[in-house]
Amino acid sequence: MAEPPPPPLPYAVYQYGSHELQRVGVWDVDSVDSERQRYWIIYIHGGAWRDPRITHRTFEPSIARIRDDAFASTHVAAFASVDYRLSPHPDFPQDPAATPPDRYRGARHPDHLDDIYSAVRYLQNKFGFGDKYILVGHSAGATMAYQMIMTDKDTGLRRNNQLDGFSDFVFPTALCGVEGIYDFHGLNDRVNGDYAGFLTSAFGDPAGWDKAAPMKCGGTYPASDQLWVLAHSPEDELVDMPETEGMAQRLLKDSGNERQILLIKDLKGKHDDVWQNNDSVARVVSQTLRYIVEVS
Ligand SMILES: N[C@@H](CC(=O)c1ccccc1NC=O)C(=O)O
(Lines give C-alpha, C1' and ligand atoms only; values in the text may rest on other atoms or scores of the structure.)
Protein backbone atom coordinates (compact mmCIF):
# COMPACT_ATOMS: atom_id res chain seq x y z
CA MET A 1 0.00 0.00 0.00
CA ALA A 2 1.21 3.50 -0.78
CA GLU A 3 2.40 5.69 2.06
CA PRO A 4 -0.18 8.26 3.12
CA PRO A 5 0.77 11.75 1.98
CA PRO A 6 2.46 13.90 4.65
CA PRO A 7 0.14 16.39 6.37
CA PRO A 8 -0.03 19.86 4.83
CA LEU A 9 2.50 22.37 6.14
CA PRO A 10 1.36 25.55 7.89
CA TYR A 11 1.41 28.27 5.25
CA ALA A 12 1.51 32.03 5.71
CA VAL A 13 2.05 35.00 3.42
CA TYR A 14 4.03 38.03 4.61
CA GLN A 15 4.15 41.43 2.92
CA TYR A 16 7.69 42.84 2.87
CA GLY A 17 6.71 46.04 1.02
CA SER A 18 3.65 48.04 0.01
CA HIS A 19 3.25 46.66 -3.54
CA GLU A 20 0.90 43.68 -3.73
CA LEU A 21 3.69 41.60 -5.26
CA GLN A 22 6.09 42.39 -2.42
CA ARG A 23 5.08 39.30 -0.52
CA VAL A 24 6.67 36.03 0.44
CA GLY A 25 5.05 32.69 1.17
CA VAL A 26 6.39 30.58 4.03
CA TRP A 27 5.69 26.91 4.63
CA ASP A 28 6.96 25.97 8.06
CA VAL A 29 8.37 22.59 8.83
CA ASP A 30 7.58 21.45 12.33
CA SER A 31 11.05 20.37 13.37
CA VAL A 32 11.09 18.77 16.80
CA ASP A 33 14.56 17.45 16.24
CA SER A 34 17.00 20.33 16.31
CA GLU A 35 20.08 18.11 16.26
CA ARG A 36 20.21 18.06 12.51
CA GLN A 37 21.63 20.70 10.26
CA ARG A 38 18.56 22.29 8.75
CA TYR A 39 18.28 24.90 6.02
CA TRP A 40 15.63 27.23 4.75
CA ILE A 41 14.92 26.62 1.06
CA ILE A 42 14.03 29.95 -0.55
CA TYR A 43 12.66 29.90 -4.09
CA ILE A 44 12.62 32.62 -6.75
CA HIS A 45 10.16 31.84 -9.54
CA GLY A 46 10.69 32.64 -13.22
CA GLY A 47 8.32 34.03 -15.84
CA ALA A 48 10.66 36.34 -17.74
CA TRP A 49 10.39 39.09 -15.09
CA ARG A 50 6.87 39.83 -16.27
CA ASP A 51 4.43 36.91 -16.37
CA PRO A 52 1.73 37.62 -13.76
CA ARG A 53 0.50 34.02 -14.00
CA ILE A 54 3.68 32.75 -12.35
CA THR A 55 3.64 33.44 -8.61
CA HIS A 56 5.36 32.27 -5.44
CA ARG A 57 2.88 29.39 -5.29
CA THR A 58 4.58 27.73 -8.24
CA PHE A 59 7.02 26.35 -5.66
CA GLU A 60 4.29 24.12 -4.19
CA PRO A 61 4.75 21.10 -6.49
CA SER A 62 8.47 21.09 -5.71
CA ILE A 63 7.85 21.42 -1.97
CA ALA A 64 5.72 18.28 -2.10
CA ARG A 65 8.47 16.42 -3.96
CA ILE A 66 11.20 17.58 -1.59
CA ARG A 67 9.09 16.35 1.31
CA ASP A 68 8.91 12.95 -0.42
CA ASP A 69 12.71 12.73 -0.31
CA ALA A 70 13.69 11.31 3.06
CA PHE A 71 17.19 12.77 3.14
CA ALA A 72 16.20 16.23 1.96
CA SER A 73 13.20 16.56 4.22
CA THR A 74 15.24 15.91 7.37
CA HIS A 75 17.54 18.79 6.45
CA VAL A 76 14.90 21.41 5.68
CA ALA A 77 13.87 23.94 8.33
CA ALA A 78 11.23 25.71 6.23
CA PHE A 79 10.31 26.62 2.67
CA ALA A 80 9.82 30.14 1.39
CA SER A 81 8.98 31.52 -2.05
CA VAL A 82 9.30 35.14 -3.09
CA ASP A 83 7.05 37.30 -5.23
CA TYR A 84 8.60 40.48 -6.56
CA ARG A 85 7.49 43.45 -8.64
CA LEU A 86 7.15 42.59 -12.32
CA SER A 87 7.75 44.44 -15.57
CA PRO A 88 4.95 45.18 -18.05
CA HIS A 89 3.60 42.28 -20.15
CA PRO A 90 1.91 43.12 -23.46
CA ASP A 91 -0.65 40.32 -23.02
CA PHE A 92 -1.70 41.68 -19.61
CA PRO A 93 -1.91 45.44 -20.16
CA GLN A 94 -2.71 47.81 -17.31
CA ASP A 95 -3.83 51.39 -17.62
CA PRO A 96 -1.25 53.39 -15.65
CA ALA A 97 -3.79 56.15 -15.03
CA ALA A 98 -6.41 53.80 -13.63
CA THR A 99 -4.20 51.31 -11.77
CA PRO A 100 -3.11 52.06 -8.20
CA PRO A 101 0.70 52.12 -7.85
CA ASP A 102 0.68 49.18 -5.47
CA ARG A 103 -0.78 47.02 -8.24
CA TYR A 104 0.89 48.45 -11.30
CA ARG A 105 3.47 46.17 -12.91
CA GLY A 106 6.04 48.69 -14.06
CA ALA A 107 9.25 47.36 -12.54
CA ARG A 108 12.57 47.85 -14.26
CA HIS A 109 15.89 46.36 -13.24
CA PRO A 110 17.13 46.52 -10.47
CA ASP A 111 13.61 46.69 -8.92
CA HIS A 112 13.08 42.92 -9.18
CA LEU A 113 16.42 42.25 -7.56
CA ASP A 114 15.94 44.87 -4.85
CA ASP A 115 12.79 43.01 -3.92
CA ILE A 116 14.63 39.71 -3.60
CA TYR A 117 17.11 41.33 -1.20
CA SER A 118 14.28 42.92 0.76
CA ALA A 119 12.36 39.65 0.98
CA VAL A 120 15.36 37.64 2.14
CA ARG A 121 16.32 40.31 4.64
CA TYR A 122 12.75 40.37 5.94
CA LEU A 123 12.86 36.60 6.48
CA GLN A 124 16.30 36.80 8.09
CA ASN A 125 15.13 39.41 10.57
CA LYS A 126 11.93 37.56 11.36
CA PHE A 127 13.24 34.01 11.56
CA GLY A 128 16.96 34.45 12.28
CA PHE A 129 18.34 31.62 10.18
CA GLY A 130 21.59 33.42 9.38
CA ASP A 131 23.41 31.78 6.48
CA LYS A 132 21.50 28.54 6.89
CA TYR A 133 19.55 28.95 3.71
CA ILE A 134 19.69 27.87 0.09
CA LEU A 135 18.48 30.18 -2.63
CA VAL A 136 16.94 28.38 -5.62
CA GLY A 137 15.93 30.25 -8.76
CA HIS A 138 14.20 29.05 -11.91
CA SER A 139 14.83 30.78 -15.25
CA ALA A 140 14.72 34.55 -14.56
CA GLY A 141 14.78 33.57 -10.88
CA ALA A 142 18.13 31.90 -11.47
CA THR A 143 19.39 35.09 -13.08
CA MET A 144 18.46 36.98 -9.92
CA ALA A 145 20.04 34.41 -7.63
CA TYR A 146 23.38 35.01 -9.35
CA GLN A 147 22.85 38.76 -9.74
CA MET A 148 22.84 38.85 -5.96
CA ILE A 149 26.54 38.01 -5.83
CA MET A 150 27.74 40.19 -8.70
CA THR A 151 30.49 42.27 -7.19
CA ASP A 152 31.25 45.22 -9.42
CA LYS A 153 29.28 48.12 -8.09
CA ASP A 154 30.04 50.37 -11.04
CA THR A 155 29.25 48.02 -13.85
CA GLY A 156 26.96 45.72 -11.97
CA LEU A 157 24.85 46.06 -8.90
CA ARG A 158 24.95 46.55 -5.19
CA ARG A 159 25.88 43.40 -3.28
CA ASN A 160 29.06 43.39 -1.31
CA ASN A 161 28.96 43.51 2.46
CA GLN A 162 30.73 46.84 2.44
CA LEU A 163 28.07 48.66 0.45
CA ASP A 164 25.59 50.84 2.27
CA GLY A 165 22.65 49.01 3.62
CA PHE A 166 24.18 45.58 3.25
CA SER A 167 26.21 45.21 6.41
CA ASP A 168 23.42 43.16 7.97
CA PHE A 169 22.70 41.01 4.94
CA VAL A 170 23.81 37.41 5.27
CA PHE A 171 24.41 35.56 2.02
CA PRO A 172 23.23 31.98 1.51
CA THR A 173 25.23 28.79 2.00
CA ALA A 174 24.33 27.76 -1.55
CA LEU A 175 22.87 29.32 -4.69
CA CYS A 176 21.07 27.11 -7.22
CA GLY A 177 20.22 28.20 -10.74
CA VAL A 178 17.78 25.96 -12.62
CA GLU A 179 17.18 26.54 -16.37
CA GLY A 180 18.84 29.90 -15.81
CA ILE A 181 19.40 32.88 -18.10
CA TYR A 182 22.87 34.34 -17.58
CA ASP A 183 23.86 35.97 -20.86
CA PHE A 184 21.03 38.10 -22.25
CA HIS A 185 22.61 38.95 -25.60
CA GLY A 186 23.98 35.45 -26.16
CA LEU A 187 20.63 33.77 -25.56
CA ASN A 188 18.63 36.38 -27.43
CA ASP A 189 20.94 36.06 -30.45
CA ARG A 190 20.53 32.30 -30.48
CA VAL A 191 16.72 32.67 -30.60
CA ASN A 192 16.98 35.26 -33.37
CA GLY A 193 15.90 38.15 -31.21
CA ASP A 194 12.67 36.55 -29.95
CA TYR A 195 13.46 37.48 -26.33
CA ALA A 196 14.19 41.15 -26.96
CA GLY A 197 10.66 42.03 -25.81
CA PHE A 198 10.88 40.70 -22.28
CA LEU A 199 14.56 41.55 -21.91
CA THR A 200 13.89 45.17 -22.87
CA SER A 201 10.86 45.29 -20.61
CA ALA A 202 13.02 44.15 -17.68
CA PHE A 203 16.43 45.71 -18.48
CA GLY A 204 15.78 48.55 -20.91
CA ASP A 205 18.04 49.35 -23.84
CA PRO A 206 20.14 46.38 -25.06
CA ALA A 207 23.26 48.51 -24.59
CA GLY A 208 22.82 48.01 -20.85
CA TRP A 209 22.15 44.27 -20.85
CA ASP A 210 25.69 42.98 -20.39
CA LYS A 211 26.37 44.91 -17.24
CA ALA A 212 23.32 43.30 -15.63
CA ALA A 213 23.95 39.79 -16.97
CA PRO A 214 25.59 37.39 -14.49
CA MET A 215 27.78 35.85 -17.19
CA LYS A 216 28.84 39.14 -18.80
CA CYS A 217 29.02 41.63 -15.95
CA GLY A 218 32.21 43.34 -14.83
CA GLY A 219 34.02 42.43 -11.66
CA THR A 220 34.86 38.94 -10.49
CA TYR A 221 33.20 36.21 -8.51
CA PRO A 222 35.76 35.58 -5.79
CA ALA A 223 36.29 32.12 -4.33
CA SER A 224 34.40 31.57 -1.08
CA ASP A 225 32.71 28.87 0.99
CA GLN A 226 29.44 29.41 -0.86
CA LEU A 227 28.32 26.55 -3.10
CA TRP A 228 27.26 27.45 -6.62
CA VAL A 229 24.88 25.00 -8.25
CA LEU A 230 23.96 25.27 -11.92
CA ALA A 231 21.38 22.81 -13.23
CA HIS A 232 19.78 22.39 -16.62
CA SER A 233 17.65 20.00 -18.64
CA PRO A 234 18.80 19.27 -22.20
CA GLU A 235 15.10 19.08 -23.13
CA ASP A 236 14.47 22.73 -22.20
CA GLU A 237 12.84 24.28 -25.30
CA LEU A 238 13.15 27.93 -24.16
CA VAL A 239 16.59 28.31 -22.59
CA ASP A 240 19.57 26.34 -23.87
CA MET A 241 22.48 24.52 -22.25
CA PRO A 242 25.11 27.12 -23.31
CA GLU A 243 23.63 29.47 -20.69
CA THR A 244 24.42 27.06 -17.87
CA GLU A 245 27.73 25.92 -19.37
CA GLY A 246 28.86 29.49 -20.00
CA MET A 247 27.97 30.55 -16.47
CA ALA A 248 29.87 27.60 -15.02
CA GLN A 249 32.92 28.61 -17.06
CA ARG A 250 32.68 32.22 -15.91
CA LEU A 251 32.46 31.21 -12.26
CA LEU A 252 35.39 28.83 -12.63
CA LYS A 253 37.51 31.38 -14.47
CA ASP A 254 36.90 34.02 -11.79
CA SER A 255 37.14 31.92 -8.65
CA GLY A 256 39.52 29.19 -9.77
CA ASN A 257 37.65 27.02 -7.31
CA GLU A 258 36.28 23.91 -8.98
CA ARG A 259 34.99 22.43 -5.72
CA GLN A 260 32.68 25.38 -5.28
CA ILE A 261 30.70 24.59 -8.42
CA LEU A 262 28.17 21.80 -8.83
CA LEU A 263 27.10 21.41 -12.45
CA ILE A 264 24.04 19.25 -13.14
CA LYS A 265 23.32 18.85 -16.83
CA ASP A 266 20.87 15.94 -16.83
CA LEU A 267 17.64 17.34 -15.45
CA LYS A 268 14.56 16.05 -17.26
CA GLY A 269 11.78 17.74 -19.14
CA LYS A 270 10.94 21.05 -20.69
CA HIS A 271 11.54 24.52 -19.26
CA ASP A 272 8.53 24.51 -16.92
CA ASP A 273 8.31 20.75 -16.45
CA VAL A 274 11.22 20.99 -14.01
CA TRP A 275 9.04 22.74 -11.41
CA GLN A 276 5.56 21.82 -12.63
CA ASN A 277 5.57 18.21 -13.73
CA ASN A 278 8.61 16.41 -12.43
CA ASP A 279 11.08 16.23 -9.56
CA SER A 280 13.95 18.18 -11.14
CA VAL A 281 13.86 21.11 -8.73
CA ALA A 282 13.53 18.67 -5.85
CA ARG A 283 16.56 16.76 -7.13
CA VAL A 284 18.61 19.94 -7.27
CA VAL A 285 17.67 20.78 -3.68
CA SER A 286 18.42 17.25 -2.53
CA GLN A 287 21.84 17.15 -4.23
CA THR A 288 22.68 20.57 -2.84
CA LEU A 289 21.76 19.54 0.70
CA ARG A 290 23.80 16.35 0.39
CA TYR A 291 26.79 18.30 -0.78
CA ILE A 292 26.71 20.90 1.98
CA VAL A 293 25.78 18.50 4.77
CA GLU A 294 28.40 15.93 3.80
CA VAL A 295 31.22 18.35 3.01
CA SER A 296 30.82 20.52 6.12
N1 LIG B 1 5.70 33.05 -19.89
C2 LIG B 1 6.64 34.13 -20.10
C3 LIG B 1 7.79 33.67 -20.94
C4 LIG B 1 8.82 33.03 -20.12
O5 LIG B 1 8.65 32.79 -18.95
C6 LIG B 1 10.11 32.71 -20.76
C7 LIG B 1 10.17 32.64 -22.16
C8 LIG B 1 11.39 32.35 -22.76
C9 LIG B 1 12.50 32.13 -21.99
C10 LIG B 1 12.44 32.19 -20.61
C11 LIG B 1 11.24 32.49 -19.99
N12 LIG B 1 11.14 32.60 -18.61
C13 LIG B 1 12.14 32.90 -17.79
O14 LIG B 1 11.94 33.26 -16.63
C15 LIG B 1 5.97 35.33 -20.74
O16 LIG B 1 4.77 35.27 -21.00
O17 LIG B 1 6.64 36.34 -20.92
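How many of the residues of strand β6 (residues 174-178) are buried? Five of its five residues are buried, and the strand is mostly covered. A residue counts as buried if 20 or more other C-beta atoms, placed from the backbone, lie within 10 Å of its own, as exposed if 12 or fewer do, and as partly exposed in between. Strands (E, at least two residues) and helices (H or I, at least four) are DSSP runs numbered from the N terminus.

This is a predicted model, in which local features need pLDDT of at least 70, side-chain atom pairs count only at pLDDT 80 or more, and totals for chains, interfaces and linings use all residues. Residues are numbered from 1 along each chain as its sequence is written.

From β6, A174, C176 and V178 point one way, while L175 and G177 point the other way; all are buried. Strands pair if DSSP finds at least two bridges between them.

| β5 (residues 133-138) | parallel | five | V136 |

The loop between α4 (140-147) and β6 contains F169. F169 is partly exposed because 16 other C-beta atoms lie within 10 Å. Not counting residues up to four places away in sequence, F169 touches Y117 and R121, contact meaning C-beta atoms, placed from the backbone, within 7 Å. F169 and D131 are 38 residues apart in sequence, and their C-alpha atoms are 9.4 Å apart in space.

Key:
Two residues are in contact if their C-beta atoms, placed from the backbone, lie within 7 Å.
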